[in-house]
There are 2 protein chains.
Amino acid sequence: MKNIRTGEILCVGTELLVGQIVNTNASWLAGRLALLGISSYYQTVVGDNPERILEAMRQASKRSDLIVVTGGLGPTSDDLTMSIAAKLVNRDLVLHQPSRDAITEIFRRMGRVDSDITENNWKQAMMPEQAHIMPNGNGTAPGAILEYEVEGHPVTMILLPGPPSEMQPMFIEQAEPWLAEHIPTYFKHLFVRMIGIGESKAETLLIDLIRKQGNPTLAPYASEGEVMFRISQLFEKSLEASGIEQPDLTGELLKQVRNIIGDEHIYEVGNRKMPEVVRDLLIKNKKTISFAESCTAGLLSSALVDYAGASEVFRGSIIAYDNSVKENILSVPAGILNTEGAVSEACAIAMAQGCRNVMKSDLAVAVTGIAGPDGGTPDKPVGLVWLAVAREDGVETRKLTLSGNRGRIRHVSVLQALDLVRRQLL
Amino acid sequence: MKNIRTGEILCVGTELLVGQIVNTNASWLAGRLALLGISSYYQTVVGDNPERILEAMRQASKRSDLIVVTGGLGPTSDDLTMSIAAKLVNRDLVLHQPSRDAITEIFRRMGRVDSDITENNWKQAMMPEQAHIMPNGNGTAPGAILEYEVEGHPVTMILLPGPPSEMQPMFIEQAEPWLAEHIPTYFKHLFVRMIGIGESKAETLLIDLIRKQGNPTLAPYASEGEVMFRISQLFEKSLEASGIEQPDLTGELLKQVRNIIGDEHIYEVGNRKMPEVVRDLLIKNKKTISFAESCTAGLLSSALVDYAGASEVFRGSIIAYDNSVKENILSVPAGILNTEGAVSEACAIAMAQGCRNVMKSDLAVAVTGIAGPDGGTPDKPVGLVWLAVAREDGVETRKLTLSGNRGRIRHVSVLQALDLVRRQLL
C-alpha cells in the first residue's frame, strides 16, 4: 500500500497559456483530489514545449506524491506529454497492442480504412514500459499511470487526455479506483445543499460544528449560487482489515446540522441541483407546471429543461416582458399595471393565475422584478422581485430584495422561484 | 523604455487548490497578455502559504520579464501576497496614505465608523516602497506595480486583487496603460466573428492567409460556440517616433477574409456577440420581436435579455414545450401536429405565425427540434431542428441537423435562430 498524501496538477497546452480556453481541468481535478483526501499545493500550466514539460514534471516529482497531468496526448507533433514522461523515468516507449487495436476500431467505425491512419495516430499506442494503461472510451488517446522513484521518494504520475469529455470519465472510472486501491484511507462525503439562508449566516450558526474538526468534519463547500456544506468522514483501511469497527457518524452530524439550520432550508443531501429536485417532486406528485416570466425571461423555464425528463411535467411558459403581453395573454388587469405597476405582489398573483389558466397546468409560477442596471426607483429599487405560485386552491407569494448585478439577480430569482415550488410540494 | 517580451501568471489562493473555484483569472489575464503581444510560458497556482508564494515569485522572476500576480491582497491573516512581494525585493512596507483614506471612505459609505476598522483593514494600505500604486475602485485592496532586478535581469511584477470584479477593471484601466508605456510595440486587433460556417472549414479556406504570417497576421481565435478569427498588426513605437510611416493594413486583410468567407457569414467585426448585433439591428430598424420556443425552452429569449436594452425591442415569448400549448396558444392546427409532427417545417411556420399574432410583434421566430438524449427516430434524429421567422409579408424557414449533446444542440439552435433574424434585417 502506497501512502499518497500530496498531489499536484500539471496541465499541458499552449491554448491555456494564450487564454483561449479556461482551465476547468485544474479545478475539476483539484476538487476530486480534495474529495479523496489528497492535499494539493501546486497547479502548473506549461505549453507544448519539451524542455518546459520535462522541467515541470521533474520539479513536481520532487515535492508531491502524486502528479496528475492533462493534455498533450493527441496525435499531432505538438503532443509530447507521453514521450517526455517516458524520458523522465528513463523508460522506452513500447507498442501497446490493445491501444493500437482500439485506434483501428475507431477509424473503422468512422468509415475510414487502415491506410487513412497515419504514423501520428499510431504514436498514441506507444506507451512507457511498465505503465498501467487506461483505455479511452471517448477518444483515441489512452491514458497511463506511471510509478517511479525520485531520490528514494515514490511518485505516481497519472497522465490523462486534455478534453474534459475524455479526461473526466477516465479519471472517475479508471484513475480513482486505482488510487482507491493505493491509498490507505477512504472518505464518505455527504453534500448538504441549502436555500433561503446566506452562506455567512449558515457558517455563523454552524461554527461550533465546523471548528470541532473531529471525524467526521463539517466544512463549507463553494458552489456557484448555492450554499453547500460537506460532511466528510475518514475511514482507515488498516483498521477495517484488523476488524476494528469504524461506525459511520455522518448521519449523526447531518442530524445536528438539520437541527441548527432548520429542515426547510435543506433541499438536498446528495448531488441533485434544485431544478432536478423540483422535477422529481413534480413527477412524484403527478403535477404539471408552467411559468410566467418577466425579468428572468426564459431562464426559469430553461433551468428546468436543462435536465432531461422535464417533458413529463413541464407544459410551457409565457415570457411577458412587455406589459402588453401581461395584459393580453396573462389577463393581468390594466388597473393593476397602472396603479401598482408590473413589479408588485398583485401583478405577480395575476400573472401566476393567468398563466395557470392558459397553460392548464396544476401549478403556475410568476416572476416579475427589476434586474437592472436601469429601471430602479427609490420605491422599487433594482433587485426587487415578486414571486407567486398559483395552485387550484390558492396562491402564495414571496418578495425578494436582491443585491448584485443583472446576472445574479436573475439567477437568484430562478433558484428562489424553484424553491417556492419545492415547498408547495413537500 | 523597458523590453517586456515574456510574462507569466501566478495565482494565489487555497480556494483554487482545492477546486472550490475555477481559475478564470489565469485565462482572462493570459488572453490580455497575448493581445499585448507578451508571450507567456507558465501559469502557477499556490495556496496562502508564505514559503511557497515566495519560492514561486523567485522562480518566475528568473525566467520572465513580467509577473502578474492575483489574489492574497485582502484584509485577513491569510492574505500575504503584498508583504511577500516586499520581502522578495528587499523593501519595507510603508503606509500609503491615499489608500488608507480610501479604506476610511469605503467604511463611511457602508455606514460604519472609524473604530470598526481593524488593524487587518489598515494592513491593506501598507505598500512596498517605490511601488506604483493602483487604487481599487471596486473593493478595499489596492494593487501595485513593482520594478526590480534579478541577477541583472529587469523584472516587473503587477499585483492584483483576486475577485474578477476588482481585478479586471484594475488591469484594463491601470495596468494596461502602464504596460503600454513600457512596451516598445503595440497591436491593433480586429475580431472577425462568423456564423454558418464551421471552424475547420473556415480555417481550410483561409489557410494561405493564416500561413503567410506577415504583419498583420490572421489566426483562429477560440470562443465558446462561435467561430472567430483575429487580425493583428504590430506597430513599433520607435519607428513612429522617427516619423517612419506604418500603414494600417488590417482593413486590407479583412477585405481578403470577407472575399474568401463570404460577407453573409461575417456577422461582426468587433466585440458584439450575436444577441447584441440582433438587438442593435432591431433598434435601428424600429422592429419588435417575439419568440415561440419548444426545445430551446427560454434560452433564445434569455440570450437576448442577457444584455441590457432588450426591452426596447422584445415583446415576450411563448414557450410551447407541450403540444397542447402549441395548439391552444399558438393556434398550430391539430392536423399539422398529428400528420407532420411537432418537429416539422409546417409546425415551425405555424408556431411563428401564431406567435406573431398573439404577441403583436413585427417579427416572430419559432424553434422546434429534438435536443435529446431521447426522442429521436430514424426519420427525425436527435439534432433535427426547424426554425421559422414570420414577418408581415411572409415567412422563412431553416432546417438544422446538429450533432453533440443536449446542451450544444440547444445552444447552436439559439445562435442560428438569431442569425436568421439578422439576415432578415440586413
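In chain B, strand β15 (residues 363-369) and β16(B) run antiparallel and are joined by six bridges. The model is a predicted one, in which local features need pLDDT of at least 70 and side-chain atom pairs count only at pLDDT 80 or more, while totals for chains, interfaces and linings use all residues. Residues are numbered from 1 along each chain as its sequence is written, and chains are lettered from A and ligands numbered from 1 in the order in which they are written. Helices (H or I, at least four residues) and strands (E, at least two) are DSSP runs, numbered from the N terminus. Two strands are said to pair if DSSP finds at least two bridges between them.

Within the pairing of β15(B) and β16(B), B:Val367 stands opposite B:Leu387 of β16(B). On β17 (residues 394-401) of chain B, β16(B) has a further antiparallel partner, joined to it by eight bridges. Here B:Val385 has B:Leu400 of β17(B) as its bridge partner. Two residues lie between β16(B) and β17(B), and the two strands form a hairpin. Strand β16 (residues 384-391) of chain B is mostly covered, with seven of its eight residues buried. A residue is buried if 20 or more other C-beta atoms lie within 10 Å of its own, exposed if 12 or fewer do, and partly exposed in between, with C-beta atoms placed from the backbone.

A second sheet involves both chains. Strands of a sheet pair through backbone hydrogen bonds, either parallel or antiparallel. Axes are lines fitted to C-alpha atoms, for helices over the stretch in contact, and angles run from 0 to 180 degrees between N-to-C directions. Strand β1 (residues 6-12) of chain B runs parallel to β3 (residues 66-70) of chain B, with five bridges joining them. One bridge of this pair sets B:Ile9 against B:Val68 in β3(B).

Strand β2 (residues 39-46) of chain A pairs with β2(B) in the antiparallel sense over five bridges, and A:Gln43 has B:Val45 in β2(B) as its bridge partner. The contact between the chains takes 52 residues from chain A and 52 residues from chain B. Two residues are in contact if their C-beta atoms, placed from the backbone, lie within 7 Å. On the side of chain B that touches chain A, at least two residues each come from elements including α2 (24-36), β2 (39-46) and α16 (345-359) of chain B. By class, this side of chain B has 28 nonpolar, 17 polar and seven charged residues. Ala, Val, Leu, Ile, Met, Phe, Trp, Tyr, Cys and Pro count as nonpolar, Asp, Glu, Lys and Arg as charged, and the others, Gly among them, as polar.

A:Val22 lies in the loop between α1 (14-17) and α2 (24-36) of chain A. It is partly exposed, with 19 other C-beta atoms within 10 Å. Leaving aside neighbours within four places in sequence, A:Val22 is in contact with B:Val22, B:Thr24 and B:Ser27.

Chain A has 17 helices and 17 strands, and 42% of its 426 residues count as buried. Helix α12 (residues 274-284) of chain A packs against α17 (residues 406-425) of chain A at an angle of about 30°, with the axes 10 Å apart. The two helices α12(A) and α17(A) are therefore roughly parallel to each other; angles under 35 degrees count as roughly parallel, over 145 as roughly antiparallel, 65 to 115 as roughly perpendicular and the rest as oblique. Among the residues that meet are A:Val278 and A:Leu281 in α12(A) and A:Leu418 and A:Val421 in α17(A). This contact of α12(A) with α17(A) comprises 10 nonpolar, no polar and two charged residues.
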